[in-house]
Amino acid sequence: MTSSRSSRRGVVLLLLSVLLLACQAPVAAGGSTATDFEEDGKSPKFPGCDNPFKSVKVMYWVDGNEMNALTGITARFGGVLPDTASATQKLPAMVPSPRTGCAKYTKLAGSIAVAERGECTYLEKASAVDSSGATAMLLVNDKNSLEMMACTQNDKVPDLKIPIVLVSNSSGLKILSAIDGGAKVNILMYTPTKAAFDGAIPFLWLMAVSTTACAAVWTTVVVGEENKKAPPAGGDQEAPAEPEIVELEAKTAVLFIVVSSCVLLFLFFFTSIWSAWLLVIMFCFSGLQGLHFVTSSLIVRVFKCGDAKVKLPLIGNVTVVTLAVLPVALFVVVMWATHQSSAFAWVGQNLMGICMMILVLQIVQMPNIKVASALLISAFLYDIFWVFISPLIFKKSVMITVAKGTEEGPSLPMVLKMPKEFDVWNGYDMIGFGDILFPGLLVAFSFRYDRSHGKGLTDGYFLYVMIGYAFGLSCTYVGLYLMKSGQPALLYLVPCTLGTITLLGAQRGELSQLWNAKA
């Protein structure tokens, strides 16, 4: 069991290097970039160039087979797309000659022109395609991003009737490659409206709050105090589900934030498919450990069978529970890793993530609120800086840019997520693991402190810190609704949890004990 514990500890310490990266997905941000351009921003408007920027759902078919929809953005100029798919129709796609669409091409009549960026301005392309008789223009950007197509004060805006839509380079190449390969491609574009209420948010809120509370009480309720205090019969055998504890220190907590910032900057400047897959592999390894720990703990608690062992060649003594659980856990991890694009992959990701966080919160502990203050305040400032202040230095939000990842690689898995209800974009509501783990460390401390000092539910701290966490998460979603953009949850969670235990401790005259406690 010593080697097992050491490997588990190594997994968690490895995971700590990316915990703050789990906060890079602002809470409740969608799984697509569909809502990124719903606001007009600071782009100026002029007569004939005053359309609002809207996200466009680009559906396309290759030889009659429907492909995954793409996301685009409308232009300030041109015609207006309908807001429902039923109000428009799919039309054949055609590449103009020249491919940049900078000259009139009569064969475009009745089709959607798929043009490449370059050689001439947006307005010149749109005018040439419009005069060619096309019904719309789909412009392929030369970057893997969406940009706002606007006008300047000196532009002479022609009377354009056709809608103009821009897609990223990687998205546009999917259509261009199909056309160049001789396939028949049809396209349908519209600008769907966002649902007024997202029914997935209450379930995500409940999942985060339940995970935090469950992890705090896991050792006492599931593992059991008797398993923790007394070794099983048979000499030097150990309880199979009890993890080794790694206690944080104040200086380690601050250093952790600095290292995580460096890792975040590295991913910002060198985002690639391999870095995304590296995080996926780390998540799979940690998720496997979490699934094994949680399932084994439950089985041992219910069936009292943690002591039985068998000796395997090259491995040594292994518990029967591990032999039964590990293959199943491995199957779940492999199925998730190989089916990440499945409509139900979020179920496996959430299961692995919840189990992994329960394990982490058993292994990593804060001894007092002095360490909690160092970690949570640092994480609080980390969130604010990399979400709100970094655009002033790097021209865009470093955290949000890294969270989006690359269009070609896998999405970053360090989030719990739920499919959005009534969402035509098939996006997700998300909350980063860090938004559960960091406040969860304080919640777990409050529970241990209450037990070690003989406090009950009402005269202790655990209940009130949990209420503070639930309230802070609720405030996050209120901020999401009011500001219409993803929110860094720690901005709300740190004051509501750390502030709660600090104020309550001061009011009870126990702040000094909490500050220097050893729980």
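Modeller: A residue is called buried when its relative accessible area is under 20%, exposed when over 50%, and partly exposed in between, with a 1.4 Å probe and protein chains only. A salt bridge is a side-chain nitrogen of Lys or Arg within 4 Å of a carboxyl oxygen of Asp or Glu. As for charge, Lys and Arg count as positive and Asp and Glu as negative, while His and the chain ends are not counted. The model is predicted, so local features need pLDDT of at least 70 and side-chain atom pairs pLDDT 80 or more, whereas totals for chains, interfaces and linings use all residues. Residues are numbered from 1 along each chain as its sequence is written, and side-chain values use heavy atoms, without hydrogens and water.

Colleague: Which side chain of opposite charge is nearest to K57?

Modeller: K57 lies in strand β1, residues 55–62; strands are DSSP runs of E with at least two residues, helices are runs of H or I with at least four, and both are numbered from the N terminus. K57 is buried but has no salt bridge. The nearest side chain of opposite charge is 6.8 Å away, and it belongs to E66.

Colleague: Which residues does K57 touch, leaving aside those up to four places away in sequence?

Modeller: A contact means heavy atoms within 4.5 Å. With those sequence neighbours left out, K57 touches A69, L70, L188, M189, Y190, P192, V424, W425 and N426.

Colleague: How many disulfides does the rule give?

Modeller: A disulfide is counted when a pair of cysteine sulfur atoms lies within 2.5 Å. C49 and C151 form one, with their sulfur atoms 2.0 Å apart, and C102 is joined to C120 at 1.9 Å from S to S. The count comes to two.

Colleague: Why is the disulfide of C49 and C151 right-handed, and how far apart in sequence are the parts that it ties together?

Modeller: The torsion about the S-S bond of C49 and C151 is about 90 degrees, so this disulfide is right-handed. C49 lies in the loop between α1 (2–16) and β1, and C151 in the loop between β6 (136–140) and β7 (164–167), so the parts tied together are separated in sequence by 102 residues.

Colleague: Is C120 buried or exposed?

Modeller: The link of C102 and C120 has -90 degrees about the S-S bond and is left-handed. C102 has 26% relative accessibility and therefore counts as partly exposed. For C120 the relative accessibility is 18%, so this residue counts as buried.

Colleague: Which residues make the nonpolar surface patch?

Modeller: Patches take residues with over 30% relative accessible area and no salt bridge, joining like charges within 9 Å and nonpolar side chains (Val, Leu, Ile, Met, Phe, Trp, Tyr) within 5 Å. Helices α5 (250–269) and α6 (273–303) each supply at least two residues of the nonpolar patch. W274, in α6, counts as exposed because its relative accessibility is 52%. The patch covers about 560 Å², by the Shrake-Rupley method with a 1.4 Å probe, and is made by F266, F269, F270, W274 and L278.
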